[in-house]
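I wanted to work from the overall fold down to single residues.

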Amino acid sequence: MNSKNVSSGFRRWHRRGRVAWPLVLALASAPMGDGGRLVAQDSQEGRPLSLEAALNESLAGNASLRIAAAQADMASAAASGASAVYWPRLDFESGFVRSNDPVFVFGTKLRQGTFSEPDFDVGALNNPDPINDWVNRISLQWKVFSPTDWTSRGEASLHAEAAGWSAARTREATLTQTEVLYREAQRAGAQLQSARHAEESAAANRDVFARRVEEGVLTRADLLQAEADYSFAVARRVDAERRDTDARRRLAVFLGGDAAQMPVLTDSLRLESPEPLEPEVDVASAFDPSVRADLLALSSARDAAGAGSKRAGRQFLPEIGVFGNYGIHAADAFQKDGDNWTVGVGLKWNLFSGFSRSKDRQRADAAHSIAQARYDEAFRQATAELAEARDGVSSARQAVAAMLAANAAAEAGAELMRRRFEEGLATAADLLQAETRRAQAESHAIDAQAGLLMAEARLRFVTTMHLDGNDR
């Protein structure tokens, strides 16, 4: 092989084909954003979207979050409605009646104060003339002792508290899922950019190898290998385009937007060596699962079930209430011919109801046991989730460091192999293999960085606490 021809040919190939070298060179040559970050998807059309803007949009547009907030409002309204048991009930009635019923006529005349001596006539009593009665009445009822209703109010308040904490946890989950979807879209965009660079490089290799075959420097087998690499690069680029579109579409839908209006991400993955994870005691010792929003929701639900059990048991107790009314009667509208009032106190005690109350108590006790079991299981899971999330972040940091080192080694190896190829000391197959390893290392580095950012987001989600128990 003529090393001079190989060297001159390679320099022409090098000028055309050196467009997709390792990740650090891509960072140096690509458009840069804040903090030296690669701006992904810079050639695509759509509305720009930063991570901060995506988080804000998710709070306003995510359907699951809106549903959780509405459910919390419903539970709060139900709790407020249940507090009506502490207040008296006041009603106003107004109506008109005309009748010749003897009992009605007799009583109405008494209430109107119009009963007279002729009304004692037997014929008048048995067959009275019709009479009008306009009635305006105010009545009051008040349960001054109602253990069942009072306990129901406390149960409703606890359900409202549980719904509020569930909405808070849904908010946290929405923010976390938004960040995860954003990172996935970032990764897809970076992989697409890498695939396009690899395709351009493979096309340049194929063209150079074709000329070298014509010059007799390389063999037909070398060209076929280059063509195979190019076809593989095209397939990878097509698949990367699909993944990029799918990721941005999922993000748009999750934010509450139209799938047809996919965003273009303005933030990108930062490719830098991560710092070691802080000592485990820094997070583990401060983490208290009982003040995490989902555990607080389950705790309130458990207490509500306990209140339901008490309510079922108090159905055996009597109720005491007071009542009163004041009425005005008249033969003509807007008149007052007579008035009357009534006041009283009463006791209501259900002595037997077909064993329904005992069964209701049994059901309520079972519901309380279920709520307690759910809380205990969630508490154990929260503790395990902390260990899993920390291990995930630690592993992801190590993976990023390893992938960046692998990428640097693959870059150095590709550069060395290119020089050896120029000097006639390496074959075309050696060069193609080095290029393939470099592209794979770049892809793995992108995956590792995205995986680290998502693992960190999950760790924040797992360890989010509400220490004052009221910051929803």
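My entries below go from the whole chain to the sheet, the helices and a few residues.

**Entry 1: overview**

I noted before anything else that the model is predicted. I then looked up the secondary structure and found 12 helices and six strands. The protein has 472 residues, and 40% of them are buried. I also checked the contacts between residues at least 6 apart in sequence: 83% of these join residues at least 24 apart.

**Entry 2: the sheet**

I traced an open sheet of four strands, in the order S2-S3-S5-S6, with antiparallel pairing. Which strands are at the edges? They are S2 and S6, the latter covering 338-348, and each pairs on one side only. From one strand to the next, the twist averages 20°.

I went through the pairs one by one. S2 (residues 89-99) and S3 (residues 131-145) run antiparallel and are joined by 11 bridges. I picked out Asp91, whose bridge partner in S3 is Ser139. S3 also runs antiparallel to S5 (residues 319-330), again with 11 bridges. In that pairing I found Phe145 opposite Ile320 of S5. S5 and S6 pair over 11 bridges, in the antiparallel sense. Here Asn325 has Thr342 of S6 as its bridge partner.

**Entry 3: helices on the sheet**

**Entry 4: helix H4**

H4 spans residues 63-82, which makes 20 residues. Its first and last C-alpha atoms are 29 Å apart, close to the 28 Å expected at 1.5 Å a residue. I listed its buried residues: Leu65, Ala68, Ala72, Ala75 and Ala79.

I then looked for what covers the buried residues of H4 and found that the cover includes H3 (51-61) and H7 (147-215). The N-terminal end of H4 is capped by Asn62. A side-chain oxygen of Asn62 lies 3.2 Å from the backbone nitrogen of Ser64.

**Entry 5: Thr174**

I moved to Thr174, which sits in helix H7. Is Thr174 buried or exposed? Its relative accessible area is 3%, so Thr174 is buried. The cut-off for buried is under 20%. Leaving aside neighbours within four places in sequence, I found Thr174 in contact with Ser58, Asn62, Leu65 and Phe254. Among them, Asn62 is the residue that caps H4, and Leu65 is one of the buried residues of H4.

**Entry 6: helix H10**

H10 (residues 293-313) has 21 residues. It reaches 30 Å from its first C-alpha to its last, close to the 30 Å expected at 1.5 Å a residue. I counted how many of its residues are buried and got 16 of 21, so I wrote down that H10 is mostly covered.

**Entry 7: Arg98**

Arg98 is in strand S2. I looked up its distance to Asp133, which is 35 residues away along the chain, and the C-alpha atoms are separated by 6.3 Å. Not counting residues up to four places away in sequence, Arg98 touches Pro130, Ile131 and Asn132. With Asn132 there is a side-chain polar contact of 2.7 Å.

**Entry 8: two phenylalanines with positive phi**

I last checked backbone angles. Phe334 has a positive phi of about 60°, although it is not a glycine. Where is Phe334? I found Phe334 in the loop between S5 and S6. Its relative accessibility is 86%, so Phe334 counts as exposed.

Phe355 is not a glycine either, and its phi is positive at about 65°. I placed Phe355 in the loop between S6 and H11 (356-422). With a relative accessible area of 57%, Phe355 is exposed. The cut-off for exposed is over 50%.

Key: Residues are numbered from 1 along each chain as its sequence is written. This is a predicted model: local features need pLDDT of at least 70, side-chain atom pairs count only at pLDDT 80 or more; totals for chains, interfaces and linings use all residues. Side-chain values use heavy atoms; hydrogens and water are left out. Two strands pair if DSSP finds at least two bridges between them. The expected span of a helix is 1.5 Å times one less than its number of residues. Buried means under 20% relative accessible area, exposed over 50%, partly exposed in between (1.4 Å probe, protein chains only). Contact means heavy atoms within 4.5 Å. A polar contact is a pair of N or O atoms within 3.5 Å; within protein, one must be able to donate a hydrogen and the other to accept it, and residues adjacent in sequence count only if both atoms are side-chain atoms. Axes are lines fitted to C-alpha atoms, for helices over the stretch in contact, and angles run from 0 to 180 degrees between N-to-C directions.
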